[in-house]
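Morning, everyone. I have one structure to show today, and I will keep to what can be read from it.

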Amino acid sequence: MKEDASMVFMLISAYKSLRNVMSRETWRRFGMFWSFKVLSSTQVVAWWVLLNKMATRDNLGRRGVVLESNRCVMCGGEEETVNHAFFSCKIA
Ligand SMILES: [Zn+2]
């Protein structure tokens with residue numbers, strides 16, 4: 001019972017912290033996004049795509065990872081960005 005109360009307190013704190021750091025629009029999207037009826041792993045990947053946090057080559061380069069090329073590993077035709085990898089790559 002004590003652990004349940006501690007968990008509730010932790011969740012409420014996390015909720016308030018997120019609410020304070022997110023803009024109104026991001027918060028609205030966040031709420032709408034988590035109400036979708038899909039698997040949670042799918043939601044996490046979709047959320048990373050939405051926030052452009054996937055480990056694509058352009059993002060890795062911005063984080064300081066040195067790569068031989070920033071080209072898409074699937075088609076090699078364009079820079080590997082979230083938009084390319086998930087929406088415009090003809091092979092992926
Ligand atoms: Zn590609």
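I will go through confidence, then the overall layout, then a few residues along the chain.

Please keep in mind that this is a predicted model. Mean pLDDT for the protein is 82, with 85% of its residues at 70 or more. The lowest confidence falls in helix H1, residues 2-21, where the mean is 68. At the other end of the scale is helix H4, residues 57-62, with a mean of 95.

Now the layout. The protein has five helices and zero strands, so from the N terminus the order reads α-α-α-α-α. The protein has 92 residues, and 7% of them count as buried. Take the contacts between residues at least 6 apart in sequence: 18% of these join residues at least 24 apart.

Met22 sits in the loop between H1 and helix H2, the latter being 24-34. Which residues does Met22 touch, leaving aside its neighbours within four places in sequence? Those contacts are Trp27 and Phe30. Met22 counts as partly exposed because it has 14 C-beta neighbours inside 10 Å, and a buried residue would need 20 or more.

Next is Trp34, which belongs to helix H2.

In general, most residues other than glycine have a negative phi. Asn52 is not a glycine, yet its phi is positive, near 55 degrees. With 13 C-beta neighbours inside 10 Å, Asn52 is classed as partly exposed.

Last, Ser88, which is part of helix H5, residues 82-88. How many C-beta neighbours does Ser88 have inside 10 Å? The count is 13, so Ser88 is partly exposed. Between Ser88 and Glu78 there are ten residues' distance along the chain, and their C-alpha atoms are separated by 9.8 Å.

To close, I would come back to one point when looking at the picture: H1 is where confidence is lowest, at a mean of 68. That is what I have; questions are welcome.

Methods: Residues are numbered from 1 along each chain as its sequence is written. This is a predicted model: local features need pLDDT of at least 70, side-chain atom pairs count only at pLDDT 80 or more; totals for chains, interfaces and linings use all residues. pLDDT is the predictor's confidence in each residue, from 0 to 100. Helices (H or I, at least four residues) and strands (E, at least two) are DSSP runs, numbered from the N terminus. A residue is buried if 20 or more other C-beta atoms lie within 10 Å of its own, exposed if 12 or fewer, and partly exposed in between; C-beta atoms are placed from the backbone. Two residues are in contact if their C-beta atoms, placed from the backbone, lie within 7 Å.
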